[in-house]
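Dear colleague,

I am passing on the structure we spoke about, and I would be grateful if you could look through it alongside the notes that follow it.

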Amino acid sequence: MTIAIDVHLPADQATAMEQDVREGLARVPKELSPKYFYDERGSQLFEDITELEEYYPTRRERQILVERSAEIVAAAGNPATLIELGSGSASKTRHLLDAMRDAGTLRAYVPVDISEEITRETATALVEEYPGLDVHGLVCDFEAHLERTPTTSEAGARLIAFLGGTIGNLYPDERAAFLCRIAALLDPGDHLLLGTDLVKDVDRLELAYDDPGGVTAEFNKNVLCVLNRELGGDFDPDAFAHVARWDAEHEWIDIGLRSLADQDVRLEALDLTVDYAAGEVMRTEISTKFTRPRLEESYAGTGLKMADWFTDPAGDYALSLAQLA
């Protein structure tokens with residue numbers, strides 16, 4: 001049993017944020033990265049969203065893991081190491097760890113997350129829950145530092161888990177590039193386990209991202225509070241409305257903030273004034289939905305191919321296993 005935590009956060013995270021925001025606000029339409037949703041308040045609001053009746057993805061993904069982790073682990077060749085991108089508290093991942101333990105192959109867990117506090121807490125909890133487990137954590141922005149994902153000295157296959165449907169937040173070219181990078185990390189016998197939400201009734205999709213109670217709207221507007229605090233902004237969240245609409249051409253939910261009036265917003269840290277026209281929508285996130293053929297197409301050309309496919313009984317959500325093509 002060992003714990004090792006490597007930290008690869010930039011020395012000046014504020015500078016990285018400034019660059020991201022400056023570039024996003026210069027685009028047409030204006031855009032903010034969804035990574036800035038998740039300050040302490042935003043993280044709590046997202047937890048609240050996952051408990052909403054309208055928001056099914058978290059429940060459906062957990063259902064698959066509860067009911068089918070043994071199948072998944074067997075299909076992945078009973079790996080010895082689980083690597084999780086965006087690990088958080090590893091609440092869902094414990095089902096995979098249990099299945100690996102029950103198969104007698106579990107040796108190591110590699111959590112990859114941007115929060116050092118959560119990663120250390122998770123590592124400490126898991127080595128107590130799984131005697132003999134080695135935990136080698138990586139604290140980083142995994143999109144930027146994916147190649148620093150540590151390997152272990154233990155023999156046996158590896159399973160990289162990228163859950164939560166986060167792959168759907170990437171544009172198609174970004175998604176393809178990311179999957180290519182994943183493929184470069186894999187050896188023969190290794191697998192990727194990818195969580196994806198599936199195409200379904202439009203009303204149901206839109207309701208999942210625009211609940212009647214307004215929790216999702218509050219979560220979306222919280223990004224403006226983050227910019228006010230971190231970049232000296234003077235956004236008025238009440239001057240924007242939450243919007244979430246299905247884009248049939250791209251098969252994604254397009255989420256943004258619509259300016260309710262002509263207004264100027266100042267960001268002191270950027271020495272920047274941004275003008276918004278009444279009705280103008282600033283994109284804050286996309287959430288792509290998939291079909292099995294579309295996901296197979298997404299893997300094509302990345303060095304990966306689909307090896308297996310697991311859905312909940314209702315067919316709302318899928319976990320796919322991919323291996324080297």
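Ser298 counts as buried because its relative accessibility is 14%, where buried means under 20% relative accessible area, exposed means over 50%, and partly exposed lies in between (1.4 Å probe, protein chains only). Ser298 belongs to helix H10, residues 292-299, and, when its neighbours within four places in sequence are left aside, it is in contact with Arg175, Leu179 and Phe290; contact here means heavy atoms within 4.5 Å. Helices (H or I, at least four residues) and strands (E, at least two) are DSSP runs, numbered from the N terminus.

Before going further, please keep in mind that this is a predicted model, in which local features need pLDDT of at least 70 and side-chain atom pairs count only at pLDDT 80 or more, while totals for chains, interfaces and linings use all residues. Residues are numbered from 1 along each chain as its sequence is written, and side-chain values use heavy atoms, with hydrogens and water left out.

As for the chain as a whole, it has 10 helices and 13 strands. Its radius of gyration, taken over C-alpha atoms, is 20 Å, which agrees with the value near 20 Å for a compact globule of 325 residues, the rule being 2.2 Å times the number of residues to the power 0.38. The C-alpha atoms fill a box of roughly 60 × 45 × 35 Å along the principal axes, and 50% of the 325 residues count as buried. Among contacts in the chain with a separation of 6 or more, 72% come from residues 24 or more positions apart. The chain has 30 positive and 61 negative side chains, and the centres of the two sets lie 3 Å apart; Lys and Arg count as positive and Asp and Glu as negative, with His and the chain ends not counted, and the charge is placed at NZ of Lys, CZ of Arg, CG of Asp or CD of Glu.

Turning to the strands, S4 (residues 134-139) is mostly covered, with five of its six residues buried. Strand S1 (residues 2-7) runs parallel to S4 and is joined to it by six bridges, with Ile3 opposite Val135. Strand S3 (residues 108-113) also pairs with S4 in the parallel sense, over four bridges, and there Asp113 stands opposite Val139. Two strands are said to pair if DSSP finds at least two bridges between them.

In the loop between helix H1 (13-25) and helix H2 (40-50) lies Pro29, which is joined to Val28 by a cis peptide bond with omega of about 0°. Asn78, in the loop between helix H3 (57-75) and strand S2 (81-85), has a positive phi of about 55° although it is not a glycine, and it is partly exposed at 34% relative accessible area. Ala90, in the loop between S2 and helix H4 (94-102), likewise has a positive phi, of about 60°, without being a glycine, but Ala90 is buried, at 1%.

Finally, Asn169 sits in the loop between strand S5 (158-162) and helix H7 (172-185) and is partly exposed, with a relative accessible area of 22%. Asn169 and Glu285 are 116 residues apart in sequence, yet their C-alpha atoms are 6.5 Å apart in space. Beyond its neighbours within four places in sequence, Asn169 is in contact with Glu285, Ile286 and Ser287.

With best wishes
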